[in-house]
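Here's a quick briefing on the model below.

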Amino acid sequence: MKKYLALLLALAMVFCLVACGQSNEPADDGEAVTITYCNFNSSGGNEETLQKMADAFHEANPNITVEIETIAYDDYFTQMQTRVAGGTAPDCYELNIENFAAYANKGLLAEITGADTSALNETALNAFNVNGKQYGLPESFSNVVLIYNKDLFDKAGVGYPTADWTQDDLQAAAEAIRALGDDIFGIWQPITYNEIFKVVAQYGGSLLNEDKTEFTINTPENIKAVQTLVDRVIDSNVQPNTTQQGGMGDWDMFMSGRLGMIPTGIWAFQTFTENCDFAWDIAVEPGSTQKATHFFSNCVVMNPDTKHPEAVAAWLSWLTGSTESADIRLAAGWDLPALKDMDALSAYLEIDPPANRAAVFESLDYLVMPPVIEDYALMSDIIGQYLAAAADGTMTVEEAMNAAQADCVAQISLG
């Protein structure tokens, strides 16, 4: 009998050893685990950069292997929605700020605990905090600055933009540059939703009240802000109308040397460096009653069904907040890590043009986040539709803003 029991015990031990040996992903207890990370932001040229980050993380954390999957932006959110619904989502993945709120509000994300967030920009970090819980960590950021053609400013006899400029200063410069020729324009600032939420902030307005329970689209401040942009097309014509654009985009017109100023993202720097045969530089965007600048951020989130939350938290913390990750990102000329310590980004300041690259970080003092709600896409579509009508003159600005307010109230519940 003893021999029989000993045999059973030995067989049980062998079975356990075989079963454990076959498991590639044991619990987070110091043994080797593999986690999956899916993203869109590295597609189109930075897949190797992201893999370098994963390799560097693995070197520092040899028990954790990160398997990376990259999907092109156009397909990413459709695929991710299907995978989340089907229970096949990766352990962690990337979201843009527009989709983050919908995922968080539907309970599709895990609260990220145990991650070191001390190095992260607080504005960016708070953008992914819902009701006191951190459901995402800011992976990267980009913002918008005023880019200007120094040669056109010189020809017009206008001083270059400074940090003290207001919208009135910008308008005066745009008019002087417009006077240089029929095919020269002072500025091109898109009259779109993504531009308006920032511009209304420059005039002291907003599209939602502070606690996001009411729409405030048609306030006097907002109407004045939109009227300023529309007047530049219809009244002073310092900005080209659709006919004058001739099918050319704003970047193309700037690179052709026919546009004095363009508020656009820092992601334009490399393209302008390669394609502009004139001198250009940047400044913090002028404000009106106050300054306000765009802030765009992608975040990384955790699947609530992951079997390795500690390993995921370690990877996400390293990816977003470590100096090693930041150095790899900066060396590749990728978008900027959302770090609190600007000294960690000093290498970025050494790249010229633009010479006044410090304006990128000065703009961080005036950040405005998009008013993210669960029905963000519908809200932006409604407002964008009426802005287009105001821009082409088929509706007055007041009519357009009143209609946008009414439609948003009728179609969107802010709960």
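Just past helix H8, Gly-204 has a positive phi of about 85 degrees. Helices here are DSSP runs of H or I with at least four residues, strands are E runs of at least two, and both are numbered from the N terminus. Keep in mind that this is a predicted model, where local features need pLDDT of at least 70, side-chain atom pairs count only at pLDDT 80 or more, and totals for chains, interfaces and linings use all residues. Residues are numbered from 1 along each chain as its sequence is written, and side-chain values use heavy atoms, with hydrogens and water left out.

**The whole protein**

- You'll find 18 helices and 11 strands in the protein.
- The C-alpha trace spans about 105 × 50 × 35 Å along its principal axes.
- Of the 415 residues, 50% count as buried; buried means under 20% relative accessible area, exposed means over 50%, and partly exposed is in between, using a 1.4 Å probe and protein chains only.
- Among contacts with a separation of 6 or more, 72% come from residues 24 or more positions apart, a contact being heavy atoms within 4.5 Å.

**Helix H8**

- The buried residues of H8 are Tyr-193, Glu-195, Ile-196, Phe-197, Lys-198, Val-199, Val-200, Ala-201 and Gln-202.
- The axes of H8 and H17 come within 9 Å and cross at roughly 85 degrees; axes are lines fitted to C-alpha atoms, for helices over the stretch in contact, and angles run from 0 to 180 degrees between N-to-C directions.
- That angle makes H8 roughly perpendicular to H17, going by cut-offs of under 35 degrees for roughly parallel, over 145 for roughly antiparallel, 65 to 115 for roughly perpendicular and oblique for the rest.
- H8 brings Tyr-193, Asn-194 and Ile-196 to this contact, and H17 brings Tyr-376, Met-379, Ser-380, Ile-383, Gly-384 and Leu-387.
- By class, the contact of H8 with H17 has 6 nonpolar, 3 polar and no charged residues; Ala, Val, Leu, Ile, Met, Phe, Trp, Tyr, Cys and Pro count as nonpolar, Asp, Glu, Lys and Arg as charged, and the others, Gly among them, as polar.

**H17 against H18**

- H17 (residues 376–391) and H18 (residues 397–411) have axes that come within 9 Å and cross at roughly 160 degrees.
- The two helices, H17 and H18, are therefore roughly antiparallel to each other.
- On the H17 side the contact uses Leu-378, Met-379, Ile-382, Ile-383, Tyr-386, Leu-387 and Ala-390, while H18 supplies Val-397, Ala-400, Met-401, Ala-403, Ala-404, Asp-407, Cys-408 and Gln-411.
- The contact of H17 with H18 splits into 13 nonpolar residues, 1 polar and 1 charged.

**Zooming in on Met-401**

- Met-401 sits in H18 and counts as buried at 2% relative accessibility.
- Leaving out residues up to four places away in sequence, Met-401 touches Ile-217, Asn-218, Asn-222, Ile-223, Val-226 and Leu-387.
- Met-401 and Ala-326 are 75 residues apart along the chain, with 42 Å between their C-alpha atoms.

- Most residues other than glycine have a negative phi, and most peptide bonds are trans.
- Lys-212, not a glycine, has a positive phi of about 60 degrees; Lys-212 is in the loop between H8 and helix H9 (220–234) and is partly exposed, with a relative accessible area of 35%.
- Asn-237 also isn't a glycine, and its phi is positive, near 55 degrees; Asn-237 is in the loop between H9 and helix H10 (242–245) and is buried at a relative accessible area of 16%.
- Asp-352 and Pro-353 are joined by a cis peptide bond with omega of about 5 degrees, and Pro-353 lies in the loop between helix H15 (346–349) and helix H16 (358–362).
- The bond from Pro-353 to Pro-354 is cis too, with omega near 0 degrees.
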